Amino acid sequence: MLRGWATLYPNICRLESLGPSYEGRWIYGLKISDDPQTEDPSEPEMLIYGVMHGREWSGGEMVRYAVDTLLRNYATDPVLRDWIDRHQLWAFPLMNVDGYSYDYPAQRLWRKNRQPFDGVIGTDPNRN
């Protein structure tokens, strides 16, 4: 989906990656801006992300919905166009790729990632 958007909207969208997770899965996202190939220090930046905890599946859907809304309406909605033209948005629907892959679809209610920490498997990505 992210690659598709980057292909459909190359003038305002670029595929990004934070690199691999502990288990080697890539963490992908998008940069949305009026010039996504350029870092503009004069434009405020914003980050939205989902699925920080493996079991919070709906978080990724919310990020994808926001991205889809922005990209689809950029050409026709002057308010959204103005906002995108004046900001740099980074959107990562799935931050905890290892925890999500472990939890989904088995529904283990796994919160953490899969990186060992202090003798146990899993670190809470926004606490430890």
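**Salt bridges, core and rings**

User: Hi! Arg111 and Asp124: buried or exposed?

Analyst: Both Arg111 and Asp124 are buried. Keep in mind that this is a predicted model.

User: Noted. What do the side chains of Arg111 and Asp124 form?

Analyst: They meet in a salt bridge, at 2.5 Å from N to O. That pair links distant parts of the chain, 13 residues apart: Arg111 sits in the loop between α4 (97–103) and β5 (116–117), while Asp124 belongs to the segment after β6 (120–121).

User: How many salt bridges does the structure hold?

Analyst: There are 9. One of them joins Arg14 to Glu39, with the closest N and O atoms 3.4 Å apart. Arg14 is in strand β1 (residues 13–20) and Glu39 is in the loop between β2 (26–32) and β3 (45–49), so this bridge ties together parts that are 25 residues apart in sequence.

User: Why does Arg14 count as buried, and why is Glu39 partly exposed?

Analyst: Arg14 has 16% relative accessibility, and buried means under 20%. Glu39 has 46% relative accessibility, so Glu39 counts as partly exposed.

User: Switching to strands. How many bridges join β1 to β2?

Analyst: 7 bridges join them, and the two strands run antiparallel. Gly19, for example, has Ile27 in β2 as its bridge partner. The hairpin of β1 and β2 has 5 residues between the strands, and Gly24 in this hairpin takes a positive phi near 90°.

User: What about the core? Which residues touch the most other members of the largest nonpolar core?

Analyst: Trp5, Cys13, Leu30, Ile32, Val67 and Leu71 do, out of 17 residues in that core. Two or more residues come from each of α1 (2–8), β2, α2 (58–73), α3 and β4 (88–92). The element that gives the most is α2, with 4 residues.

User: Which residues does Cys13 touch?

Analyst: Leaving out residues up to four places away in sequence, Cys13 touches Trp5, Ala6, Leu30, Lys31, Pro36 and Leu71.

User: Nice. Last topic, aromatics. How many aromatic pairs does the structure hold?

Analyst: The count is 3. One of these pairs is Tyr100 with Tyr104: the ring centres are 5.3 Å apart and the planes are at 5°, so the pair is stacked. Tyr100 is partly exposed at 22% relative accessibility, and Tyr104 is partly exposed at 41%. Trp57 forms one aromatic cluster with Tyr100 and Tyr104.

User: And how are the rings of Tyr102 and Trp110 placed?

Analyst: Their centres are 5.0 Å apart and their planes are at 70°, so that pair is edge-to-face. Tyr102 counts as partly exposed, at 28% relative accessibility.

User: Which arginines lie over the face of Tyr102?

Analyst: Arg108 lies there, at 4.2 Å from the ring centre. Arg114 also lies over that face, at 3.7 Å from the ring centre.

Notes
Residues numbered from 1 in each chain as written. Predicted model: local features only at pLDDT ≥ 70, side-chain atom pairs only at ≥ 80, totals over all residues. Heavy atoms only, no water. Salt bridge = Lys/Arg side-chain N within 4 Å of Asp/Glu carboxyl O. Buried < 20%, exposed > 50% of the residue type's maximum accessible area, 1.4 Å probe, protein only. Pairing = 2+ DSSP bridges. Core = buried A, V, L, I, M, F, W, Y, C linked by side-chain atoms within 4.5 Å. Contact = heavy atoms within 4.5 Å. Phe/Tyr/Trp six-rings, centres within 6.5 Å; stacked < 30°, edge-to-face > 60°. Lys NZ or Arg CZ within 6 Å of the ring centre and 35° of its normal.
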